[in-house]
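Welcome! Here is a short tour for anyone meeting this structure for the first time.

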Amino acid sequence: ATYEGEYAVLPPDPEAEVKDGEEPKERRIRQGQGLYIEGDYSYEGQWLDDKMHGAGTLRFASGAMYTGEFAENKYMGQGTYTFP
């Protein structure tokens with residue numbers, strides 16, 4: 001999978017396991033405008049706390065697509081679903 005866009009940097013997860021001698025790593029989450037592609041699926045739009053949130057377009061492998069509003073990775077509000 002690939003992601004191109006804005007992100008936020010969070011401090012290391014205090015619960016994450018760390019190997020001896022290694023420093024805990026910062027975490028990056030998708031935040032703001034971005035494009036995520038995984039195989040034949042893609043989402044281009046707004047992200048909040050690493051979830052699809054706001055206006056965006058989700059394209060499916062079948063050629064169908066949903067353009068509209070999202071809230072926490074779910075269709076929410078106004079939108080249009082287009083069949084191939």
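## A charged pair

The side chains of aspartate 50 and arginine 30 come together in a salt bridge, 2.8 Å from N to O (a side-chain nitrogen of Lys or Arg within 4 Å of a carboxyl oxygen of Asp or Glu). The pair ties together distant parts of the chain, 20 residues apart: aspartate 50 is in the loop between strand E3 (41-48) and strand E4 (51-59), while arginine 30 is in strand E2 (residues 27-38). Strands (E, at least two residues) are DSSP runs, numbered from the N terminus. Searching the whole structure turns up 1 salt bridge.

Aspartate 50 is partly exposed, at 29% relative accessible area, whereas arginine 30 is buried at 18%. Here buried means under 20% relative accessible area, exposed over 50% and partly exposed in between, with a 1.4 Å probe and protein chains only.

## About the model

This is a predicted model, in which local features need pLDDT of at least 70 and side-chain atom pairs count only at pLDDT 80 or more, while totals for chains, interfaces and linings use all residues. Residues are numbered from 1 along each chain as its sequence is written, and side-chain values use heavy atoms, leaving out hydrogens and water.

## The nonpolar core

Which residues make up the largest nonpolar core? Its 8 members are Tyr43, Trp47, Met52, Leu58, Phe60, Ala64, Tyr66 and Phe70. Such a core is a set of buried Ala, Val, Leu, Ile, Met, Phe, Trp, Tyr and Cys residues joined through side-chain atoms within 4.5 Å. Two or more residues come from each of E3, E4 and strand E5 (65-71).

Leaving aside neighbours within four places in sequence, phenylalanine 70 is in contact (heavy atoms within 4.5 Å) with residues including Tyr43, Met52, Leu58 and Tyr75.

## Threonine 57

Threonine 57 sits in strand E4 and is buried, with 16% relative accessible area. With neighbours within four places set aside, its contacts include Tyr43, Tyr66, Thr67 and Phe70.

## Glycine 32

Glycine 32 belongs to strand E2 and counts as buried at 14% relative accessibility. Not counting residues up to four places away in sequence, glycine 32 touches Glu6, Gly45, Gln46 and Trp47. Between glycine 32 and alanine 64 there are 24 Å in space, C-alpha to C-alpha, and the two are 32 residues apart in sequence.

## Tyrosine 75

Finally, tyrosine 75 is found in strand E6 (residues 74-82). Its relative accessibility of 44% makes tyrosine 75 partly exposed.

Notes
Helix = DSSP H or I, 4+ residues; strand = E, 2+ residues; numbered from the N terminus.
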